[in-house]
Structures are given as structure tokens and as C-alpha cells.
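This briefing is for a reader new to the structure.

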Amino acid sequence: MNAIDLIIQKRNGGALSREEISFLVKGYTDGSIPDYQMAAFMMASFLQGLSESEMVSLTETMLHSGEVLDLSEIPGIKVDKHSTGGVGDKISIVLAPLVAACGVKVPMISGRGLGHTGGTLDKLESIPGFQTTVSTAVYRKQLAEIGVVMIGQTKDIAPADKKMYALRDATGTVEYIPFIAASILSKKLAEGADALVLDVKCGSGAMMQSEQDARVLAETMTRLAESFGTPTTAFLTDMNNPLGHATGNWPEIVECIDCLHGNGPDDVMEVTIALAVEMLLAGKVASSQEEAKELCNSAISSGRAFEKFVEMVEVQGGSAQAIRDPASRNENRVEVVVHASQSGVIKWIDSRDIGRASVVLGAGRATKEDSVDPLAGIILTVKPGDTVQIGESIALIQASTNAHIERTIPVMMAAFKFDEETPKEGSRLLSKYQNGRWVNP
Ligand code: URA
């Protein structure tokens with residue numbers, strides 16, 4: 001086989017076989033196919049399109065380019081969730097211990113933040129001592145013993161994706177839906193879960209800005225995961241406004257603690273419970289939505305969900321004391337109150353601007369090499385629909401030092417869009433894709 005022939009075949013609109021795709025991906029991963037040939041193949045695929053079977057072959061080769069975990073010796077159905085990422089998206093940190101407290105094991109491998117969206121790992125690592133790098137043996141042991149583990153991607157999982165993603169980033173081929181689906185699922189399917197629940201976000205703070213693109217991504221990922229034998233449900237959720245009040249690292253952990261105590265913001269809880277219900281059904285510990293909701297409510301009100309979080313934090317080396325008494329860290333950080341520059345009704349708080357402000361503050365990273373400030377974050381004290389008067393407090397900015405706070409304020413202020421009328425309150429849950437069709441969530 002020859003890479004040039006395959007590139008020409010794809011460039012001319014032909015279809016490649018499983019063996020041909022595997023030859024390209026394996027060759028690129030082991031270095032025998034150079035960047036420029038893989039880049040040409042990617043652009044040809046982007047412009048001519050990949051068929052369903054080409055996408056499956058691509059995913060399969062990427063998935064098997066590294067370690068594929070087999071968790072079958074651990075009893076029970078293991079269920080994971082993946083979010084395509086959004087501003088203030090802290091759902092995983094509430095959801096994983098909640099679902100584990102209800103009896104379904106959750107093996108979760110998450111990523112770091114890049115650009116306007118934050119990353120679950122950066123948030124977890126803002127807990128003093130919390131370790132997100134563990135061996136596969138420890139990952140299995142923790143999952144078997146306490147039912148939940150949240151770690152970062154190891155270099156052994158889907159190494160082809162790491163190399164291909166960097167090349168896509170440099171060649172304008174990131175936004176192609178089959179590439180996104182193959183990239184996400186090559187990593188997710190490697191972690192050994194038996195079923196998946198996806199949270200595909202759309203709107204200004206999401207990877208997919210348009211609802212139509214987000215629907216296609218949700219359908220594609222669901223079909224793709226199911227073609228590998230992993231039952232999958234996808235939710236489409238609104239990411240125009242930041243989720244909850246807090247965006248950032250430790251401030252989001254504090255909000256997660258509130259959620260686990262039953263005092264979380266309505267929008268965070270709405271999405272968390274919807275995803276949790278689906279995970280409990282997939283894990284077969286509940287046989288109806290009502291029963292699953294009951295299990296969730298009881299795990300929260302009894303304190304079991306919070307205690308499961310504390311247990312996970314302790315096992316992963318984190319400070320349980322910081323989780324039990326988050327205010328004890330307040331003296332280590334600075335806090336600035338931001339005031340409204342005009343009066344009116346808040347129509348919309350553009351999550352992309354809040355995400356950008358969070359990067360300026362140091363809570364997120366502009367490039368992969370940047371480090372993040374664990375204590376940094378923005379806490380919105382108003383929500384869309386609130387009426388504010390000029391000079392009233394609308395947000396708090398927190399950080400380890402005040403080095404970046406002045407620069408953050410104008411970026412954050414641009415997010416606030418005012419109106420004269422109160423906007424209609426909408427649900428975050430737009431739709432659900434299951435068994436090949438969209439249904440009410
Ligand atoms: N996240 C991924 O892991 N891959 C993509 O291609 C896009 C988002």
C-alpha cells in the first residue's frame with residue numbers, strides 16, 4: 001500500500017477500505033507516514049467527506065492505537081458521561097459521585113481546559129493534593145472499591161488521536177464532525193465503560209455554536225459508539241449562558257459542593273439530574289425515570305452523594321478538609337466585586353466572553369503549555385432575567401493574586417447584554433437522542 005495512492009483516491013472522492021485507513025493511521029502514529037501526507041489525507045477527507053464505514057474504521061484504528069481497558073472483571077455495568085465542553089460546565093464533578101452513590105460504577109477520564117472552555121481536570125486539581133495521574137492498576141482498584149474514579153488521559157490511551165489532533169489544529173481540519181466524533185470516541189471507548197451518556201452542548205460557549213451542528217454531532221457520536229457495542233444516549237443542552245454561577249477552578253468546586261449538599265443552582269441541577277437518571281437506567285439500578293430521580297434525590301438529601309465525593313477526593317490524595325470546609329481557603333485568595341455599568345434587565349450573559357475572561361484571569365489556558373491559577377474564577381451574582389441598577393454588584397472575581405484582575409473586568413463586562421424586557425426562562429435541556437430518534441428530554 002502507498003500513502004500517495006490513498007490520498008489521491010480520497011481526493012478524487014473515492015472510499016477507502018478498513019485496511020487502507022488502518023495503514024494510514026498506524027503509519028502516521030509510528031512515524032512512517034509524515035505529517036504532510038497525513039495532513040493531505042485529512043484535508044481530502046474534510047472536503048470530500050468520510051462515509052460511515054470510513055469513520056468507523058478511523059475510530060477503530062485510533063482506539064486500538066493504544067491501551068483499551070477491559071473492566072469486565074469488575075462487577076456491574078460501568079457507565080460514563082462525556083460532555084463536549086462548555087463555560088462553567090462542572091457537571092461531571094457532581095454527577096460522577098452522585099451516580100456512584102446510587103450504585104452505578106463510573107470510570108471517568110477527563111481532559112484539561114483549552115480556550116474559552118474549562119477542563120474537569122484543572123478543576124479537580126484545584127483541590128489541594130488531588131491526583132489525576134494514576135496507573136491503570138490503581139484506576140481499576142479504585143473503581144472496584146469505591147465505584148468512582150476521575151483521572152486524566154494517560155499517554156497510552158489513543159496515542160493516534162493526540163498526534164492527529166495536533167495536526168488537525170495546525171491544518172484547519174478540527175471542525176469536521178466525523179473527525180470530532182472519532183477523536184472523542186477513540187478515547188472514551190478505551191476507558192472500558194459499558195454504556196455512555198453524552199452531553200452535547202450548543203450555543204456561544206460551546207464547541208458547536210449552532211443547534212443543527214450539535215444535533216448532527218450528537219447523532220454521529222451516538223451511532224458511532226453503538227457501532228462498537230456501547231449503548232449511548234445523547235442530550236442536547238443550551239450553552240449560551242454560563243452554567244451555574246461559577247466559572248473557573250476552585251470556585252466551580254465550591255459550587256459542586258453546594259450541588260452535592262442539595263443547594264446547587266437550578267440549571268446545574270437540571271442537567272445533572274437528567275444525565276444521572278439516564279446513567280442509572282443504563283446501569284440498570286432503576287427501571288423508570290421516576291425511580292432513578294428518587295434515587296438521586298435520596299443520595300443527595302441523605303448526604304451519601306457528598307460523602308462519595310469526599311471519599312473519592314481522599315483516595316486520590318486530595319484534602320477532605322478543604323471539601324468539608326471550603327471557606328477555610330478564603331484567606332488565601334483575593335476577591336474583587338464587579339459593579340453594573342448600566343441599569344436594565346439582563347437578557348443574556350454571553351458564555352464565550354465569560355470563558356475568555358476566565359482565560360485572561362488565569363483560570364483557563366490560551367495554549368496547552370499555560371499553567372492555571374487553581375483559586376481563580378468568576379462568580380456571577382446575577383442571572384439572565386434579573387433587573388440590576390447601575391453600580392449594583394453583578395459578579396465576584398477571585399484569584400490567588402490580583403495580577404490579572406484589572407484586565408479581566410472589561411472582557412467580562414462585554415458578556416452582559418441588557419434589554420428592557422425580561423427574557424423567557426428556558427430549559428437547558430433541549431432534546432435527547434436515543435434509539436435513533438430525538439425525543440423530549
Ligand atoms: N475534543 C476532542 O477530544 N476531539 C476533538 O476533535 C474535539 C474536541
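This is a predicted model: local features need pLDDT of at least 70, side-chain atom pairs count only at pLDDT 80 or more; totals for chains, interfaces and linings use all residues.

**Ligand**
- The side chain of Arg-168 has an N or O atom 2.8 Å from an oxygen atom of the ligand.
- A ligand oxygen atom also lies 2.4 Å from an N or O atom in the side chain of Lys-187.
- For Ser-183, an N or O atom of the side chain is 2.6 Å from a nitrogen atom of the ligand.
- The ligand taken alone exposes 240 Å², and the protein buries 81% of that.

**Cysteines**
- Searching the whole structure gives zero disulfides.
- Cys-102 is in no disulfide, and its nearest cysteine sulfur, that of Cys-296, is 4.6 Å away.
- Cys-102 counts as buried because its relative accessibility is 11%, and the cut-off for buried is under 20%.
- Cys-202 is buried as well, with a relative accessible area of 5%.

**Lys-308**
- Lys-308 is placed in helix H14, which covers residues 304-315.
- Is Lys-308 buried or exposed? With a relative accessible area of 16%, Lys-308 is buried.
- Apart from neighbours within four places in sequence, Lys-308 is in contact with Pro-97, Ala-100, Ala-101, Ile-146 and Val-148.

Key:
Residues are numbered from 1 along each chain as its sequence is written. Side-chain values use heavy atoms; hydrogens and water are left out. A disulfide is a pair of cysteine sulfur atoms within 2.5 Å. Buried means under 20% relative accessible area, exposed over 50%, partly exposed in between (1.4 Å probe, protein chains only). Helices (H or I, at least four residues) and strands (E, at least two) are DSSP runs, numbered from the N terminus. Contact means heavy atoms within 4.5 Å. A polar contact is a pair of N or O atoms within 3.5 Å; within protein, one must be able to donate a hydrogen and the other to accept it, and residues adjacent in sequence count only if both atoms are side-chain atoms. Accessible areas come from the Shrake-Rupley method with a 1.4 Å probe; for residues, only the protein chains shown count as cover.
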